[in-house]
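Q: I would like to learn how to read a protein model. Could you walk me through a few features, please?

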Amino acid sequence: MRIYPLPREIKTQQEVEEQFANKSRFEKMRSVHYDPDFNFAFIDHIVGGTIPNQFLPAVEKGCKEVLELGAIAGYRMQDIAVEVYFGKYHDVDSSEAAFKTAGRMALRKAVRTARPVLMEPVVKLEVTVPSRFTGAILGDLNTKRGQVENQDSLPGDLAVIMARVPLAEVTKYAAQLGSMTQGQGSYTMDFSHYDVVPPMIQKQIEAKSKLAHEEEEE
């Protein structure tokens, strides 16, 4: 099994065939299945019947289980293409369940080897406060990995600060803002986009997930 990042611009079966999974890239490709829910392409590149046709759907199901349950800290995955190009089977012992398990294990191992990254939601934050609190707000946003994009003055000696901040950093922002501004600040928050989690924070998330998993097994 080989894995590839699948461009996010792809949205349909036709687009995946035209832009990614085609004969010019996979010379002996037999077929490709596309799942828009995960932006996932499953490419059948089996030559010589090394995996019988009836078992390939089971391999694909195993791959989708990994996408749903995740290979890092239990988070859902997307934007992946899988090329199955070789395998083995046994006339007696092979089964759909065995090939589904094999597909799941192979994809999980491949993904971990490929050094994947976690993504996190980033929000647009607009904070309105009395001007004397501007410095405190800016300093606090800096500790929250925030990126200040603009600030302006409003009538009544008010200031408005616009920034983009990881959602994980502002889940308790209402209470924090009230504390910093003596209850005189207000804010709005809207989803902006997904961005890559910094490596050190990803390591912390993975460590917590591993610890929780070990405790469940005990």
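Q: How many salt bridges does the structure hold?
A: The structure holds 11 salt bridges. A salt bridge is a side-chain nitrogen of Lys or Arg within 4 Å of a carboxyl oxygen of Asp or Glu. This is a predicted model, where local features need pLDDT of at least 70, side-chain atom pairs count only at pLDDT 80 or more, and totals for chains, interfaces and linings use all residues. Residues are numbered from 1 along each chain as its sequence is written, and side-chain values use heavy atoms, with hydrogens and water left out.

Q: Which residue forms a salt bridge with D79?
A: That partner is R8, and the closest N and O atoms are 3.0 Å apart. The pair links distant parts of the chain, 71 residues apart: D79 sits in the loop between α2 (56-69) and β4 (80-84), and R8 in the loop between β1 (2-5) and α1 (13-19). Helices (H or I, at least four residues) and strands (E, at least two) are DSSP runs, numbered from the N terminus.

Q: Does "buried" or "partly exposed" describe D79?
A: Buried means under 20% relative accessible area, exposed over 50%, and partly exposed in between (1.4 Å probe, protein chains only). D79 counts as buried because its relative accessibility is 14%, whereas R8, at 42%, counts as partly exposed.

Q: Where are D35 and K64, another pair in a salt bridge?
A: Their closest N and O atoms are 3.3 Å apart. D35 is in strand β2 (residues 31-35) and K64 in helix α2, 29 residues apart. D35 is buried at 12% relative accessibility, while K64 is partly exposed at 28%.

Q: What do R164 and E149 tie together?
A: The side chains of R164 and E149 meet in a salt bridge of 2.6 Å, N to O. R164 lies in strand β7 (residues 158-166) and E149 in strand β6 (residues 147-154), so the pair ties together parts 15 residues apart in sequence.

Q: At what angle do the axes of helix α4 and helix α5 cross?
A: Two packed helices are described by the angle between their axes and the distance between the axes. Axes are lines fitted to C-alpha atoms, for helices over the stretch in contact, and angles run from 0 to 180 degrees between N-to-C directions. Here, the axes of α4 (residues 134-143) and α5 (residues 173-181) come within 10 Å and cross at roughly 145°. The contact (heavy atoms within 4.5 Å) is made by residues including I137 and L141 of α4 and L177 and M180 of α5.
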